[in-house]
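The following paragraphs lead through selected features of the structure shown below. They may be read alongside the sequence.

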Amino acid sequence: MKKTILIIAVFIFNFSLFGQIDKSELDRSTSFSSKEKTLLQTNTDVVIAGEYLYYKLFTIANNNTLSPISKVGYVELVNANKEVVLSHKLKLNNGVGYSDFFIPSKVLTGLYKLVGYTNFSKNNVNESYFAKDIFIVNPFTANAQITQDSLRITASLNLKKELPTESIPHPLLSVSTSKKKYSQRELISVNIAINDKIKNGNYSVSIRKLDSIEVVRPNSKNYFSMSPSDTLYIPEMRGQLISGRLTNITNTLDISDKYVALSLPGEDYTFKIAKTNSNGAFFFNLNENSNSSGAIIQVIEKNKEDFKVETQPLGTNNYNALTFGNLIIDSKLKHTIEARNIQNQIENAYYEKKQDSIIPDTRSTLFYDGIGIKHKLDDYTRFKTLRETFIEIVNQAGLRQNSDGSYKFVVYDNVINYDLISSKLEPLLLVDGIIIQNTNDIVFYDAKKIKSISVVKGQYIYGSKVFEGIIDIQTLSQDFKTSVKGSYLIEKELKKLEPKKNYFQPHYSNSDLKNNRIPDYRRQLLWVPETSKSETLFKTYTSDVKGVFEVKLEGVNHLGTLISTSTFIEVK
């Protein structure tokens with residue numbers, strides 16, 4: 001595996017294009033045998049509009065273990081017209097990512113596909129992406145989606161006569177509760193045990209209400225292939241790949257070795273510099289956790305006005321291989337669906353009281369972290385202008401006025417004599433993470449709105465470009481806007497990675513009475529998408545919903561196989 005990853009890493013640096021390349025550009029002797037496929041697990045296959053569909057994405061390597069290669073995964077809900085209805089971009093840790101889709105009322109009743117893939121899995125000829133059947137019922141409209149497939153298949157939801165009560169065992173997994181029958185809002189303790197042979201897998205715990213709905217599935221397969229092509233997709237090994245291309249308006253051949261900068265502005269900003277290849281292509285690898293989705297990409301060359309910059313997608317997905325069919329619903333399920341719909345509406349009405357909590361990402365450090373001198377301006381007497389601020393406070397750098405009346409920033413090598421490092425180089429000037437190419441934007445900015453100024457002395461190499469130090473200015477409101485306009489600068493909204501969550505759990509105890517007056521119609525009593533190897537006990541409360549609930553331990557074992565075990569409880 002180490003050899004495979006090394007080959008891929010070398011491959012990426014040699015072909016730093018835009019997430020995909022033409023296979024003809026590969027050296028025939030290059031070994032690229034590593035493959036990756038995905039696997040999807042969901043808490044249910046039948047969802048009512050107004051409910052959440054919880055899912056978990058696994059990436060599996062050649063040797064059937066969880067894949068360490070891709071750090072970004074994609075999950076999409078696709079309708080019968082092969083259109084993406086909902087989509088997520090996930091951060092993968094050790095081959096695993098998870099999130100949830102809220103099914104809105106605009107989604108019509110029908111058979112859908114939940115599709116999971118990575119950019120790298122698209123190279124897998126036979127298993128490009130994983131697709132799972134999801135049956136959606138929308139009680140708010142009589143309309144249903146109509147499939148255009150020439151080969152029509154039928155799926156149906158029928159009334160189930162009996163619900164399971166006997167446990168479903170597994171030789172290497174076990175899940176149990178202290179008793180089989182519970183009252184409403186009673187504490188449940190769930191014990192799990194995972195055999196040492198399979199502890200290197202990844203597992204989840206779920207408690208969900210069962211309905212008298214029996215699914216008659218179409219005979220469809222899970223793995224599908226992309227249409228054969230000459231494209232090779234680069235794995236996102238370190239994080240999200242943002243790609244694009246430069247064109248030169250005045251000299252079409254002058255597009256190689258040009259510098260392009262990307263900024264995701266904010267307090268914890270992301271800043272990157274890339275260099276174009278011979279085709280004018282560039283890419284940025286975003287391995288930081290950013291709270292911003294608004295990207296600014298700009299050419300940072302002396303003749304920047306000669307260029308046009310564009311972003312390009314990693315590649316489009318071809319879902320023609322997916323087969324859909326009509327969904328028939330037994331009329332006997334009317335009361336079951338109506339009751340479930342009412343419970344969902346009550347739960348959604350109290351959403352504000354039952355929100356999941358976001359698990360904060362580890363704050364990314366600045367690329368120059370630890371070597372700069374930071375001046376927090378509130379620690380000093382405030383001055384009206386930025387020029388006065390630099391003269392009185394920031395003595396490691398300063399402003400110089402050019403003969404045309406414009407200004408330039410400089411970083412001093414020797415503060416006593418105010419010597420410059422080099423008159424041929426310019427400092428890297430950032431404001432809220434945005435590289436500044438028109439210094440007047442910040443020179444005449446209200447100094448009272450500036451939070452801090454950091455200076456890094458000495459020549460600094462970033463992205464193979466050399467700067468005469470760094471001047472990093474952060475504003476109080478983090479909303480600085482550059483006045484620079486032109487084809488060499490674009491602003492683009494990037495799709496953010498889905499955040500990790502701690503899913504809501506109420507507490508009913510004598511000492512905690514705040515939830516007692518709030519209706520509780522949770523059907524999903526517990527969803528723990530990842531369990532640590534040391535966790536064996538999980539606790540939650542039953543809700544006001546009566547019936548049979550499935551307590552399930554499920555996940556991917558050390559051989560990349562989805563396994564599970566279940567037991568059942570009854571709430572009266």
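**Surroundings of H375**

Leaving aside neighbours within four places in sequence, H375 is in contact (heavy atoms within 4.5 Å) with Y380, I393, V394, Q396, K451, S452 and I453. The model is predicted, so local features need pLDDT of at least 70 and side-chain atom pairs count only at pLDDT 80 or more, while totals for chains, interfaces and linings use all residues. Residues are numbered from 1 along each chain as its sequence is written, and side-chain values use heavy atoms, with hydrogens and water left out.

H375 belongs to strand β26 (residues 373–376); strands are DSSP runs of E, at least two residues long, numbered from the N terminus. With a relative accessible area of 5%, H375 is buried, a term that means under 20% relative accessible area with a 1.4 Å probe, protein chains only. Its side chain makes a polar contact with the side chain of Q396 at 2.8 Å; such a contact is a pair of N or O atoms within 3.5 Å, of which, within protein, one must be able to donate a hydrogen and the other to accept it, and residues adjacent in sequence count only if both atoms are side-chain atoms.

Elsewhere, strands β19 (residues 259–264) and β20 run antiparallel and are joined by six bridges; pairing requires at least two bridges found by DSSP. Within this pair, V260 has A274 of β20 as its bridge partner. Five residues lie between the strands of the hairpin, where G266 takes a positive phi near 140°. Strand β20 (residues 270–275) is largely enclosed by the rest of the structure, because five of its six residues are buried.

Note on methods:
Buried means under 20% relative accessible area, exposed over 50%, partly exposed in between (1.4 Å probe, protein chains only). Helices (H or I, at least four residues) and strands (E, at least two) are DSSP runs, numbered from the N terminus.
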